[in-house]
Amino acid sequence: MAGFGRERSIVISRLSSCPSFFMHAIRSLLHRGGYRVVGTAARMLSSSTGAAAPGSGVTKKITPSTSLDGLDKNVWVEFTALAAQTKAVNLGQGFPDFSPPRSLLDALAEVNTRSIAHQYTRSQGHPKLVKALAKLYGTLMCREIDPLKEVIITHGAYTALSHATRAFLNPGDEVVVLEPFFDCYAPMAKIVHANVRYVPLRPRGAHPVSSADYVLDPQELRAAFSDKTKIIIINNPNNPLGKVYRREELEQIASLCKEFDVLCISDEVYEWLVYDGLEHIRMATLPGMWERTLTIGSAGKTFSATGWKTGWVLGPERLITPLQWVNAASGYTMITPLQEALSKAFDVEIGKLGKPDCYFAELPRLLHRKRDEVLTVLREVGFNPIVPEGGYFVLADVSNFNMEFDNKEEAYDFQFVKWMTKTKGVAAIPPTAFYSQEHSHLSGKLVRFCFCKDDSTLQAAYKRLREWAQEKR
């Protein structure tokens, strides 16, 4: 603060670098009056505090909803930008950088020539695509699925999750979220003013070697349920851990859902990516669970085409109908040519279901190999990886590097990943982002690497990691 006659001033040169607690303090001072803002951030700060910029006509009434509190930071934005700035090999964000299967590319090329495919389609999902999905999942779930009433297409699985929380949650309802969790689960519940109860998967023993070593505590899980519980969200296989839930674990969750009359949102986008001969068990196939489960899938994960941003939800009509209402009132309809192409690609792959050349079998074989290669190199360099049984990612302990950082306000894994990205040229993601504050200690000194990358990308990362290992010798 500086004195200008009898007027007190606050000088700020870079508003974007201020931590949130400092911003709140400044706003409080300004609201009490007696200060003027000086510096390059004056106009921004005046707007953010409700003080109108000259001639803007904006008042303190026009401010963001309080439901957005805490959403100003995003791990993907921060670390993707850092990887790009440092020209690091990006093993952070989970997207394949190899081509989707021929069945999908050929279908898109064919659809592109048909004019009608570029116009609006049915709001709840393109008829051909919902029929293809009903046929596929009807086979997988051993039940008849009505394509027009029990399937809905969304703008990616992300939006499917958003639709589900908006359709069923009221203020004060409670949502059970199993940790580690994909970082959008909790914000989607909080944005509709629901309360989140976190239940972590805890490691059996001090040094877990496999994602199977992470389990739920039955008593802790049960304690999270009450008459206020409306929804539980489960991710199987789990991101970032790679855990594949066993039947008895799913039955435990299902039993509580039925006892407390709870809706299960089962995020199964990695359903095909299961390794080591394990079986992916769909929650909706357990006794009594079809009636209370919304199963979410993703074209991005199924066909290695994350940029298509097309997802779906399956469930009984009484659960799908509210999602259709939400969809009609928000995005209304999805991209027609992509849905048409997906329907054709599904038709091709459904015809090969159960055969080695089906993409749903080829992709896990490919990623199984890549997973094992990454595990080998990480161990060679000095990491202690936790073997994932499914998904795109591997968590690795970095304790052997004995790195210490001065910033006690920022999580260790955030600092390690930033240091590794800047100095070693390999980008990753800090797993603390997948935990609530109360359980963030469970991420320990882990970092998350993505192995769903082209061999050339992985080889570039291996080269930099091995050079790092040479430096240590």
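Colleague: Which residues lie nearest the centre of the second largest pocket?
Modeller: The model is a predicted one. In it, 25 residues line the second largest pocket. Those nearest its centre are Gly94, Tyr158, Phe182, Lys301 and Lys309.

Colleague: Which element gives the most to the lining of the second largest pocket?
Modeller: Two elements give two or more residues to this lining, namely helix 10 (299–302) and helix 6 (156–168). With four residues, the one that gives the most is helix 6.

Colleague: What is the volume of the second largest pocket?
Modeller: The lining of the second largest pocket divides into 11 nonpolar, 10 polar and four charged residues. The volume of this pocket is about 540 Å³.

Colleague: Is helix 5 roughly parallel or roughly antiparallel to helix 12?
Modeller: Helix 5 covers residues 127–141 and helix 12 covers residues 336–351. Their axes lie 8 Å apart and the packing angle is about 30°. Angles under 35 degrees count as roughly parallel. Therefore the relation of helix 5 to helix 12 is roughly parallel.

Colleague: Is the crossing of helix 5 and helix 12 left-handed or right-handed?
Modeller: The two helices pack with their axes 8 Å apart. Where helix 5 passes helix 12, the crossing is left-handed.

Colleague: How many charged residues are in the contact of helix 5 with helix 12?
Modeller: From helix 5, the contact includes Lys128 and Lys135. From helix 12, it includes Glu340 and Asp347. Beside seven nonpolar and two polar residues, the number of charged ones is four.

Definitions and conventions: Residues numbered from 1 in each chain as written. Predicted model: local features only at pLDDT ≥ 70, side-chain atom pairs only at ≥ 80, totals over all residues. Heavy atoms only, no water. 1 Å grid on protein atoms, 1.4 Å probe; cavity = no way out; pocket = protein on both sides within 12 Å on 5 of 7 lines; lining within 4 Å. Points joined across faces, edges and corners; volume = space filled by probe spheres on them. Nonpolar A, V, L, I, M, F, W, Y, C, P; charged D, E, K, R; others polar. Axes fitted to C-alpha atoms, helices over the stretch in contact; angles between N-to-C directions. Parallel < 35°, antiparallel > 145°, perpendicular 65-115°, else oblique. Left-handed = near helix turned anticlockwise from the far one by under 90°. Contact = heavy atoms within 4.5 Å.
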